[in-house]
Amino acid sequence: MDQICIVTTVVDARAVADVLAAAAVAGRLAACAQVSGPVDSTYWWESRMETTREWSVLFKTAPDRLEALIDQVRAAHPYEVPEVLVTWVEGGNPDYSTWLHEQTRP
């Protein structure tokens, strides 16, 4: 139980980030979610370089809840092509890992 997943995404409004965070935790798809920002993102979209102010949402979840969390984030995300990145984390504090797994049980 020492492996956890961190899922990140960005959205263009703090209120949207807060809703995504709350929905994932309320649905036990993530043990916790952190909203940070704003941050300015520069990227290519439809053959133009764009710069947008965004808020980042970082979700911490158990491996067996990962796919359901990704599905929920993608379904609720306002972007046509949402960024959904997954980082696998091993080790760390085993007590935290145990807590995270317990909090993501439906």
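User: Why is W99 called partly exposed?

Analyst: This is a predicted model, where local features need pLDDT of at least 70, side-chain atom pairs count only at pLDDT 80 or more, and totals for chains, interfaces and linings use all residues. Residues are numbered from 1 along each chain as its sequence is written, and side-chain values use heavy atoms, with hydrogens and water left out. Buried means under 20% relative accessible area, exposed means over 50%, and partly exposed is in between (1.4 Å probe, protein chains only). W99 has 34% relative accessibility, so partly exposed it is.

User: And what makes Y96 count as partly exposed?

Analyst: Y96 comes out at 28% relative accessibility, so it gets that label too.

User: Why is the pair of Y96 and W99 called tilted?

Analyst: Rings of Phe, Tyr and Trp (its six-membered ring) pair if their centres lie within 6.5 Å; planes under 30 degrees apart are stacked, over 60 edge-to-face, and the rest tilted. That rule finds one aromatic pair here. The ring centres of Y96 and W99 are 5.5 Å apart and the planes sit at 35 degrees, so the pair is tilted.

User: How do you know that the protein is as compact as a globular protein of its length?

Analyst: The protein has three helices and four strands (DSSP runs: helices are H or I, at least four residues; strands are E, at least two; both numbered from the N terminus). Its radius of gyration, over C-alpha atoms, is set against the globule rule, 2.2 Å times the number of residues to the power 0.38. The protein's 14 Å is close to the 13 Å the rule gives for 106 residues, so it is as compact as a globular protein of that length.
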